[in-house]
Amino acid sequence: MPTVVSKFAKRSFDKLEELGYSKELVSRGLIGTALLAYGLKLSYPYIKQHLERSQSTTNENKCDSGLSRNENNNLTKAIIEDPEEKIEKIIIEKKRRRKKLPGLNLEFILQLKKLIQIMVPRILCEETALLAVHTTCLISRTFLSIYVAAMEGAIVKYIVRKDVKNFVLMLLKWFGIAIPATFINSMIRYLENKLALAFRTRLVNHAYDMYFKNQTYYKVSNLDGRIENADHRLTDDISTFSSSVAHLYSHLTKPCFDLMLIGIAMARSSRKMKANIVMGPALATIVIGTTAHILRIVSPKFGQLVSEEANRNGYLRHVHSKIITNAEEIAFYGGHKVEHAQLQDAYSRLVNQMNNIFTQKLWFIMLEQFFMKYVWSGTGMVMVSLPILTVNSLPGGKTRKNKGDPEFGVSERTQYFTTARNLLLSGADAVERLMSSYKEIVALAGYTSRVAGMFEVFDEVSQGIYQKTVVSAERNDGGILEFKNGQPVAKGTIVCSDNENDMSISLENVPVVTPNCDIVVSSLTLTIAPGMHLLITGPNGCGKSSLFRILSGLWPIYGGTLRIPKRSQGKPCMFYIPQRPYMSCGSLRDQIIYPDTRKEMLSKNITECQLREIMKLVALEHIIDRDSFDEIRDWKDTLSGGEKQRMAMARLFYHKPHYALLDECTSAVSIDVESSIYETAISMGITLLTITHRPTLWKFHTHILEFDGQGGWVFEALAKDAQQKVPISKQSLFHNHKPFTDAPEMTPSAVSA
């Protein structure tokens with residue numbers, strides 16, 4: 001390919017010479033065109049910004065003639081905006097408002113320092129051992145490079161002298177040194193990968209500990225709005241950051257060793273030639289410093305570009321995940337066109353950002369390669385030629401005019417030139433890697449910002465500090481919520497009872513508030529004692545499931561006091577069962593004892609015979625007959641809807657909590673099996689808090705909590721023969737009601753009667 005290009009260039013120059021244009025004139029024209037194009041590229045953003053400002057001013061002047069008047073007779077201006085551009089603007093601005101754009105600043109250094117302390121927690125650890133071995137290999141590779149350069153110089157010297165014997169010996173040495181050299185090269189790559197994996201393991205373990213601390217995995221996606229795709233940051237971002245750090249360590253350490261040791265070797269060679277050892281390095285320092293300063297000035301902000309690309313890539317994954325999660329609902333609605341449009345729009349934004357990065361790299365790499373391959377090469381030629389051109393004496397006291405042994409002088413100069421040229425090439429490669437490492441450091445700033453930002457959010461969320469962009473003070477009806485810096489303040493308290501005999505649950509003036517600060521119930525006061533089986537009813541969105549989330553501690557309490565009993569050893573206080581139970585990955589035994597492990601099951605002295613009895617209580621013994629307890633399947637798809645709900649009730653009978661929070665948990669179970677399950681739960685001493693629309697379950701409860709959907713509620717005893725919904729009396733709203741604290745005993749026989 002280069003031969004074809006050179007022939008084409010030669011023919012083109014010959015043709016132009018025939019037309020009267022000299023090669024010098026054409027070369028100047030090409031260079032001038034390239035410089036003009038690069039100048040236009042640099043000035044284009046400023047010109048575009050100036051034109052956009054002028055255009056916006058013109059549009060405002062045009063819109064003045066079309067002003068309309070609103071209700072207050074004030075002039076208003078109608079602005080028409082493209083919906084797609086508006087969506088993109090909202091998404092990008094939303095991300096930018098959350099955090100400052102990453103870059104090479106003090107914040108980046110502090111964030112990187114914290115992450116390094118996680119990756120290398122101690123002076124003596126596995127990571128420091130890998131770093132020590134890796135550094136040793138890098139230094140060894142530099143010494144081998146210098147030794148190989150000296151050997152190649154000696155080989156060329158013996159070729160010039162026509163010394164076959166020494167040439168063969170040096171060639172055999174050259175092949176012999178190739179074995180350890182190739183091993184060291186392979187070892188460097190191996191240790192770099194091991195370092196990246198070790199760093200990733202440390203970060204992942206730390207991230208998982210934070211992710212599952214204080215239910216952060218739930219709160220970060222439901223109560224906080226700063227991280228939309230935690231899965232992407234926990235996997236791809238940590239992996240990319242770890243690989244970038246390990247790779248950057250090699251690309252910064254080895255060039256520094258190369259420059260230091262190669263500089264010493266070249267100084268020794270110059271002194272051997274009796275040349276000035278300061279002139280060459282001074283020239284190289286001036287040229288490299290000047291070109292580096294120019295590159296730094298014109299370098300695009302790769303950190304911001306890479307961070308934005310990661311944001312858009314993460315958003316694309318988020319859209320994919322949303323479609324997979326809600327595939328059934330989308331299929332029922334036939335909303336594939338809307339989802340396809342959103343997916344295509346997210347991908348288009350990612351493509352635009354990647355094209356922007358490619359364009360920025362095109363011009364920057366062109367200038368970078370011009371400096372590194374041509375300017376530096378020319379400087380290197382001058383450095384290598386200075387000792388030969390400026391010195392008359394040769395090693396051993398001979399002069400260039402000495403005719404006694406002319407081959408000796410030529411061979412010595414050839415050896416010096418070959419050795420110095422190889423060393424200079426290695427040094428130039430080291431400087432080039434240091435220069436290119438600047439881009440990698442800027443890119444690392446983007447990855448560091450995302451990983452460190454994730455850890456920061458995890459830490460704040462675990463402490464109950466949330467940030468939600470949808471918060472609005474307009475929703476604060478009656479001043480129930482207190483806002484600070486645009487965020488609601490959780491003023492409520494959760495008190496765990498120290499009295500082991502007090503197992504009641506009490507709410508005192510606790511508002512039911514959603515994460516979006518929608519006030520469902522302004523104040524709720526009631527006490528639930530053991531044996532007080534509570535039926536919770538009301539229209540959709542009235543706060544039934546929200547109450548369960550508050551009792552479980554998933555949602556913050558923005559006022560009042562919640563008193564809950566202390567967890568007894570081996571027996572949970574509350575156990576929540578939703579309408580669609582979660583089936584974990586594992587064996588059939590794991591589904592029954594979830595979230596316990598087999599080891600915890602054995603510590604409770606529970607045998608498989610007892611598990612079999614539990615399965616009979618929920619009419620699932622046919623599954624045991626079909627599969628063993630050690631059978632591993634995808635139980636989410638293996639079990640039907642009713643079987644999964646009965647499996648969740650089996651978990652309830654296994655754990656035997658004090659309170660069971662049942663949220664439509666038997667809607668797919670037949671009425672006879674459902675009645676048997678509720679009778680069994682009551683006989684085990686489990687207090688039921690049930691959300692249901694089935695009137696057949698009313699007879700299993702002693703009290704009712706009814707929400708009206710407008711913020712009002714009623715808490716009262718339930719008649720034993722109650723079979724239908726009791727209407728709410730306007731006179732028995734919460735502000736006139738006193739909570740019940742006495743719970744009549746209820747036996748299974750009374751229930752069945």
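Mentor: What follows goes through the salt bridges pair by pair. The model is a predicted one. The count comes to 18 salt bridges.

Start with Arg-450 and Asp-237, whose side chains meet in a salt bridge at 2.6 Å, N to O. Arg-450 belongs to helix α13 (residues 406-462) and Asp-237 to helix α8 (residues 230-272), so this pair ties together parts that lie 213 residues apart in sequence. Arg-450 and Asp-237 are both buried.

Asp-345 and Arg-349 form a salt bridge at 2.3 Å, N to O. Both are in helix α12 (residues 336-390), four residues apart, which is about one turn of the helix. Asp-345 has 22% relative accessibility and therefore counts as partly exposed, whereas Arg-349, at 4%, counts as buried. The cut-off that separates the two is 20%: buried means under that value.

The side chains of Arg-563 and Glu-508 meet in a salt bridge at 3.4 Å, N to O. Arg-563 is in strand β9 (residues 561-564) and Glu-508 in strand β6 (residues 505-513), so the pair links distant parts of the chain, 55 residues apart. Arg-563 is partly exposed, with a relative accessible area of 36%, and Glu-508 is also partly exposed, at 33%.

Definitions and conventions: Residues are numbered from 1 along each chain as its sequence is written. This is a predicted model: local features need pLDDT of at least 70, side-chain atom pairs count only at pLDDT 80 or more; totals for chains, interfaces and linings use all residues. Side-chain values use heavy atoms; hydrogens and water are left out. A salt bridge is a side-chain nitrogen of Lys or Arg within 4 Å of a carboxyl oxygen of Asp or Glu. Helices (H or I, at least four residues) and strands (E, at least two) are DSSP runs, numbered from the N terminus. Buried means under 20% relative accessible area, exposed over 50%, partly exposed in between (1.4 Å probe, protein chains only).
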